[in-house]
Amino acid sequence: DVNKLPLRRYWRKRYPSLFATGDIFIVEGHHMAKQLVKLGCPEDKIRVVHIGIDIERIRAGSSLFNPYNSLVRVLFVGLEREKKGALDAADAFLRAVKVFPDAELHIIGDGRYKKNVEKKFVDAGVPDKVIFHGFVSVEKYHTLLCQSDIVLTPSCTARDGDTEGGAPVLCIEAQAAGKPVVGTEHCDIPEIVLHGRSGLLCPEHEIEALSQNLILLFQNRDLRNKMGDAGIIHARKEHDITKQVAQLNNIYDTLIGHKRSSCRDPYN
């Protein structure tokens, strides 16, 4: 609703009616809120509520993980949609691994970008540096997340206008697992990932900057640990599912109370 659909005249004509009818519009970040305002949504109807996740479930798995000596494992999720930045992820990692060879890229998922990513590693002469896990269960995903050292999220605006809208949930879950995020300044990612504290961000498609951020973390375990600790604190503060559900309930209760008050018979 904040990127692709507004490009279509059929949908664009429907938004004024939607915004007039709805009382509250909940978004996951301030970038998404601004996009709604641009579409004509009254600002006073918008509420920002960050996505909530089960942090303790992820932390339970993370506490069982033992680091892989000097090997640095990078996790990337998303081979199906352009906005995930699979090709940028491959290019940045390949540049970084030339400087720091003791690293692996682990990829979850499948889709139209797999062959291109695979070809890049074959052409570079390092096909053993990438491991494709395909589609996995939530439990397996959590295991791979906890076994990683860095999470790579180079999200970008696709050619058809598709975006993350807000930010990938992976950015939140990575911080909950104590993993630094290397990503882009795309949509609400800068609000979700604290640049310089819980991760390192750069503009979209800036491959050299992405690779330099990877190299910095490859070479500095202490920095990875420091950012990971900051990520846990940030996730607990802003994305704990119990706190976020309470925020949603408060919004619903306030709205319902207002509706009941406005509908009450003034003569009764």
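Trainee: What should I know before I start?
Mentor: The model is predicted, and local features need pLDDT of at least 70, side-chain atom pairs count only at pLDDT 80 or more, while totals for chains, interfaces and linings use all residues. Residues are numbered from 1 along each chain as its sequence is written, and side-chain values use heavy atoms, with hydrogens and water left out.

Trainee: Okay, how many aromatic pairs are there?
Mentor: The count comes to six aromatic pairs, where rings of Phe, Tyr and Trp (its six-membered ring) pair if their centres lie within 6.5 Å, and planes under 30 degrees apart count as stacked, over 60 as edge-to-face and the rest as tilted. One of them joins Tyr 15 and Phe 19, which are stacked at 5.7 Å centre to centre with 20 degrees between the planes.

Trainee: Where do Tyr 15 and Phe 19 lie?
Mentor: Both are in helix 2 (residues 15–21), four residues apart, which is about one turn of the helix; helices (H or I, at least four residues) and strands (E, at least two) are DSSP runs, numbered from the N terminus.

Trainee: Are Tyr 15 and Phe 19 buried or exposed?
Mentor: Both Tyr 15 and Phe 19 are buried, and here buried means under 20% relative accessible area, exposed over 50%, and partly exposed in between (1.4 Å probe, protein chains only).

Trainee: And why is the pair of Phe 100 and Phe 218 called tilted?
Mentor: Their ring centres are 5.4 Å apart and their planes stand at 40 degrees, so the pair is tilted. Phe 100 lies in the loop between helix 5 (86–99) and strand 4 (103–108) and Phe 218 lies in helix 10 (residues 207–218), so the pair ties together parts that are 118 residues apart in sequence. Phe 100 is buried at 18% relative accessible area, and Phe 218 is buried at 3%.

Trainee: Changing topic, how many salt bridges are there?
Mentor: The count comes to eleven salt bridges, each being a side-chain nitrogen of Lys or Arg within 4 Å of a carboxyl oxygen of Asp or Glu. Among them, Asp 160 and Lys 4 meet at 3.4 Å, N to O.

Trainee: Which parts does that pair of Asp 160 and Lys 4 tie together?
Mentor: Asp 160 lies in the loop between strand 6 (150–153) and helix 8 (169–176) and Lys 4 in the segment before helix 1 (9–12), so the pair ties together parts 156 residues apart in sequence. Asp 160 is partly exposed at 41% relative accessibility, and Lys 4 is partly exposed at 28%.
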